[in-house]
Amino acid sequence: MPMFGVHLYPTAYSMDPIDVVKAAEERGLDSATYPEHTHIPTSRRTPFPFGGELPKHYAELHDPFIVMAAAAAVTRRMILGTGVCLIPEHNPILLAKQVASLDVICKGRFFLGVGAGWNAEEMENHGSRLKTRWPITRERILAMKRIWSDAEAEFHGRFVNFDPVWSWPKPVQTGGPPVLLGSASPKSIERLMDFCDGWYAPDLVSDPAYYARGITTLREWASRNGRQLEGVHLSIQLGVVENAERAKRLLDAGFTHLLFSILPAAADRTLSMLDRYAELAEALRTEFGKRT
């Protein structure tokens, strides 16, 4: 049975983030994800990759881990995730503890969507460079997986290097929460199979066959390695969806978890969007549930 959730942008002018996630759960939705930008440099040297002006809310987002910790306290079954956490902007030892602590607090209802970022100045302010962002991302994720799994974890790489450490708590989910790669680039599947556990694809490619080919490759990889791809492991974040056709095509392509975006808005507009998405999700569950 497919899962359906919402991708939220908590800001000072959005509906209260705690009220939103409670309302989403009350309407039967399965999940909520949150984006991350620690800041936006005023230089604007790096162009917005999707064209036009950078939306103002990119510079005004709440910290996703703070919001998710609060959301975990007021929900019972909602799965929470980052969409996405910008790994080159984090110390891996600190982030490993944040993620493990959150996984404990929400009793395993968490996944870590990750990306390498696109804003060169933003990551440079954190000491990372655009040209090395993917190798940095790979090593930091592998290092965190060691910390989540090993009583005495160590890692020695080009960008991450530490001798044995003790770090608790360990995550509720064995080996840590699923790490999903947030990318739709031609290299995304290769990178995912190297250092992640699943896909958090942005819906940026018009032809669903592109995604279907990637999912086929992932399922073959999982079968060879004795791994499971279910639930959130095949997630995709859509924009603001006006009808069911795109969602159906992505479910047919093989995704098992769809997230519909809600842009920053007051409570009345946000609740109206939640109602529409809950209705759409129920219709899709009914249709695709009959196919299984």
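## Exercises on the strands of a predicted barrel

In this predicted model, Ser235 has His257 of β10 as its bridge partner.

**Exercise 1.** Find what stands opposite Met3 in β10, and state how many bridges join β1 and β10.

*Solution.* The residue opposite Met3 is His257 in β10. The two strands, β1 and β10, are parallel and share 6 bridges. Turning to β2 (residues 31-34), one finds that β1 is joined to it by 3 bridges, again with the strands running parallel, and that Val6 stands opposite Ala32 in β2. Between these strands in the right-handed β-α-β unit comes helix α1 (residues 17-26).

**Exercise 2.** Into what arrangement do the 8 strands close, and in what order do they run?

*Solution.* The strands form a closed barrel with parallel pairing, in the order β1-β2-β3-β4-β7-β8-β9-β10. On average, neighbouring strands of this sheet are turned by 25 degrees against each other, direction ignored.

**Exercise 3.** Decide why β1 (residues 3-8) is described as largely enclosed.

*Solution.* In a regular strand, side chains alternate between the two faces of the sheet. From β1, Met3, Gly5 and His7 point one way, while Phe4, Val6 and Leu8 point the other way, and all are buried. Because 6 of the 6 residues of β1 are buried, the strand is largely enclosed by the rest of the structure.

Conventions: Residues numbered from 1 in each chain as written. Predicted model: local features only at pLDDT ≥ 70, side-chain atom pairs only at ≥ 80, totals over all residues. Heavy atoms only, no water. Pairing = 2+ DSSP bridges. Helix = DSSP H or I, 4+ residues; strand = E, 2+ residues; numbered from the N terminus. Axes fitted to C-alpha atoms, helices over the stretch in contact; angles between N-to-C directions. Buried < 20%, exposed > 50% of the residue type's maximum accessible area, 1.4 Å probe, protein only. Right-handed = clockwise from strand over helix to strand, strands pointing away.
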